[in-house]
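Please consult the sequence and structure shown here alongside the text.

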Amino acid sequence: MSILDLARKARSIRRYDQPKPVSREDLIALVDVARISPCGGNMQKLRYRLVSGQAECARIFPFIKWAGALKDWDGPADGQRPTGYIAILSEDDPATDVGIAGAVIQLAAAEKGLGTCMLGAIDRAAIASELKVPDGMGVKLLVAVGVPAEKVVLEDACGGESLAYYRTSDDVHHVPKLGLEDVIVG
């Protein structure tokens, strides 16, 4: 699969096939790809806390806000929730490294047929407490992982149109994307 095809496949998934859990080994494999990815000054400041199993996933679910553009949706219903999470941790705030790690995890998951959603609207302190994150480390990003249970369609957006994602009555998730000519300047 080309990197372009993989990028098209690696969408934010918000509904999962919960009866098909992601394995701890799959989560480890995703972290292994992030571990060898580029990072600032090769300082390797990121650490990862794997969350797997129904009980542990349920403990942190209340501390996540899902899909800000879908105002009338409180997140995936029971049976459609992620079956794993990867908490990206650090002592300071290497935002570039966190972004690289999150993107690489998302691409690697898509290659495996898994779906992810990078979650930034989270209660970091509550999640850190629930996961017993070591003192001095903070939760910088939470990546939900599971078997996708929704269809996501990319569509062309024109300048001036809303870029907010939305769902149609058939439960298809639509994601408007600007054209290449709209994002290259000069």
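The points below are grouped by topic. The model is predicted.

**Nonpolar cores**

- The largest nonpolar core comprises 27 residues, and those with the most contacts inside it are Trp66, Tyr85, Leu119, Val139 and Leu142.
- Two or more residues of this core come from each of α3 (54-60), β2 (84-90), β3 (115-119), α5 (124-130) and β4 (138-146).
- Apart from this core lies another, of 18 residues, which includes Leu30, Leu114, Leu141 and Val145.
- Leaving aside neighbours within four places in sequence, Leu142 is in contact with Ile60, Ile64, Tyr85, Ile86, Ala87, Cys117, Met118, Leu119, Ile122 and Ile127.

**Open sheet**

- An open sheet is formed by three strands in the order β5-β7-β6, with mixed pairing.
- Its edge strands are β5 and β6, each of which pairs on one side only.
- The pairing of β6 with β7 (residues 173-178) is antiparallel and extends over two bridges.
- Arg167 stands opposite His173, a residue of β7.

**Nonpolar surface patch**

- On the surface, Leu163, Leu178, Leu180, Val183 and Ile184 form a nonpolar patch whose accessible area together is about 470 Å².
- Leu163, one of the patch residues, is located in the loop between β5 (152-157) and β6 (166-167).
- The relative accessible area of Leu163 is 44%, so this residue is classed as partly exposed.
- Patch membership requires over 30% relative accessible area, and Leu163 has 44%.

Notes:
Residues numbered from 1 in each chain as written. Predicted model: local features only at pLDDT ≥ 70, side-chain atom pairs only at ≥ 80, totals over all residues. Heavy atoms only, no water. Patch = residues over 30% accessible without salt bridge, like charges linked within 9 Å, V, L, I, M, F, W, Y side chains within 5 Å. Areas by Shrake-Rupley, 256 points an atom, 1.4 Å probe, with all protein chains shown as cover. Salt bridge = Lys/Arg side-chain N within 4 Å of Asp/Glu carboxyl O. Helix = DSSP H or I, 4+ residues; strand = E, 2+ residues; numbered from the N terminus. Buried < 20%, exposed > 50% of the residue type's maximum accessible area, 1.4 Å probe, protein only. Pairing = 2+ DSSP bridges. Core = buried A, V, L, I, M, F, W, Y, C linked by side-chain atoms within 4.5 Å. Contact = heavy atoms within 4.5 Å.
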